[in-house]
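Thank you all for coming.

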Amino acid sequence: MRRAKTWLPALPALALAVLSLGACVSPEQSQGGGNANANGGGGATAGGGYQRKTKKRGETVRIGFSMDTLKEERWQRDKQLVEARAREVGADINVQVANSDDATQTKQCDNLLSLGMDVLIVAPHNGEIAASIVEAAHRQGVPVISYDRLIRNSDVDLYVSHQVERMGEMQARYALERVPKGNYVLVGGAPTDNNAMLMRKGQMNILKPAVDRGDVKIISDQYAKDWRADEALRITEDAITKTNGNIQAVVASNDGTAGGSISAIEAAKLTGKVVVTGQDAQLDAVQRIAAGTQSMTIYKPIKPLADSAVDNALKLAYGEQLSAPDRIANGKIDVPSILHEPTAVDKNNLMQTVVRDGYHKLEDVYKDVPRDQWPKVSSAPKGSAGSTFAAALALLIGGLGLALKLR
Ligand code: BGC
């Protein structure tokens, strides 16, 4: 396990870009290990020195879930799954969505606190500004869980997310294996989102040696405000114009930005000639993967994330110990963290991942592909020896393919 440490951006241009953005998150991050036990119980003094209010087991816990956006498909799943888990465990849940506005998110959280929430789960729009939400909550004895995106420079109680830096590495490795030499465009996410910084760090971990060797030339390394597809389109268009169409890979940090980049690639008649990465396994992206216009995505099942946020919200509210095996430095403390595993997905393992898990239906994923080119599925009845054998074989082949292709 790596230890928490300060990361200095490899590229001076990136440092400049980051410094020039007002309340943007700084890229100082790392993922590490260790066993974290949050303090708690009976109004004990919690990490950060605040007096945490606790409830008795059996009392209903009221959870406030503050979301930045519902724009990307995944956030709609997050909302549904967090609500469903809260219902399952008998907690009350109040969800607010800030539509990418910091003042709205702060106000909504103040309102949740005045409504008497016992715990806040916050997916911040701006990782720096959201520190004030943690302070306000702690002043009232209310613990805060940072959801998917890290709240920086604060005593936030717990962070639940995925292995974000690794996702950046997976994207860059995928591209580099297919384009060991060539011109690259890096399309980062929102500069206000710590995840965008972590992903770029992961991407550069893989790409930098190839850049230093002179094999890879980075034509453009920018960030798309609020992860907007139109920003990704503009960044990619500019790179295409600058090189007269000579780009071989676009490392887009999520599927939304991949979609914007692919529009620019299609307009320049470069479809199929450029490797394009993504993240989220959202429906339009897996359709593009099946159809061959996007190369890969990162699949992050949302249910384990939603469940771990709600289950740990209850533990915090009851003052129980958390089991948080990771640590992430947020500029102030090493935050106890639970980081779920992502999976790289391309056309070779769509069936063994998003389709197998029921994340998307086969007929939706392959809707733009002629039916005779759909993957063959076993016609043996479910549960029969034949179907069990076929499923085991498919998984084995899929697993082997994965191990070879997506190392
Ligand atoms: C999330 C991604 C999402 C992006 C844009 C990131 O923080 O981790 O899953 O695509 O925000 O909403």
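The ligand lies between domain 2, which covers 42-156 and 307-340, and domain 3, which covers 164-300 and 345-360, because both domains give residues to the shell around the ligand. Please keep in mind throughout that this is a predicted model.

Which residues are found around the ligand? They are T69, E72, R74, D148, R149, G189, D193, N195, W227, N254, Q279 and D280. Sorted by class, this shell holds six charged residues and five polar ones, together with one nonpolar residue.

Let me turn next to strand β2, residues 62-67, which pairs with strand β3, residues 92-97, in the parallel sense over six bridges.

Another element to look at is helix α9, residues 283-291, whose buried residues are A285, V286, R288, I289 and A290. What do the buried residues of α9 pack against? Their partners are α8 (255-267), β11 (296-299), β14 (343-346), α11 (351-355) and α12 (362-365). Just after α9 comes G292, which takes a positive phi of about 95 degrees.

Finally, for the chain as a whole, there are 13 helices and 14 strands, and buried residues make up 50% of its 407 residues. Of the contacts between residues at least 6 apart in sequence, 73% join residues at least 24 apart.

Key:
Residues are numbered from 1 along each chain as its sequence is written. This is a predicted model: local features need pLDDT of at least 70, side-chain atom pairs count only at pLDDT 80 or more; totals for chains, interfaces and linings use all residues. A residue is near a molecule or strand if its C-beta atom, placed from the backbone, lies within 6 Å of it. Ala, Val, Leu, Ile, Met, Phe, Trp, Tyr, Cys and Pro count as nonpolar, Asp, Glu, Lys and Arg as charged, and the others, Gly among them, as polar. Domain bounds come from an automatic or database domain assignment. A residue is buried if 20 or more other C-beta atoms lie within 10 Å of its own, exposed if 12 or fewer, and partly exposed in between; C-beta atoms are placed from the backbone. Helices (H or I, at least four residues) and strands (E, at least two) are DSSP runs, numbered from the N terminus. Two residues are in contact if their C-beta atoms, placed from the backbone, lie within 7 Å. Two strands pair if DSSP finds at least two bridges between them.
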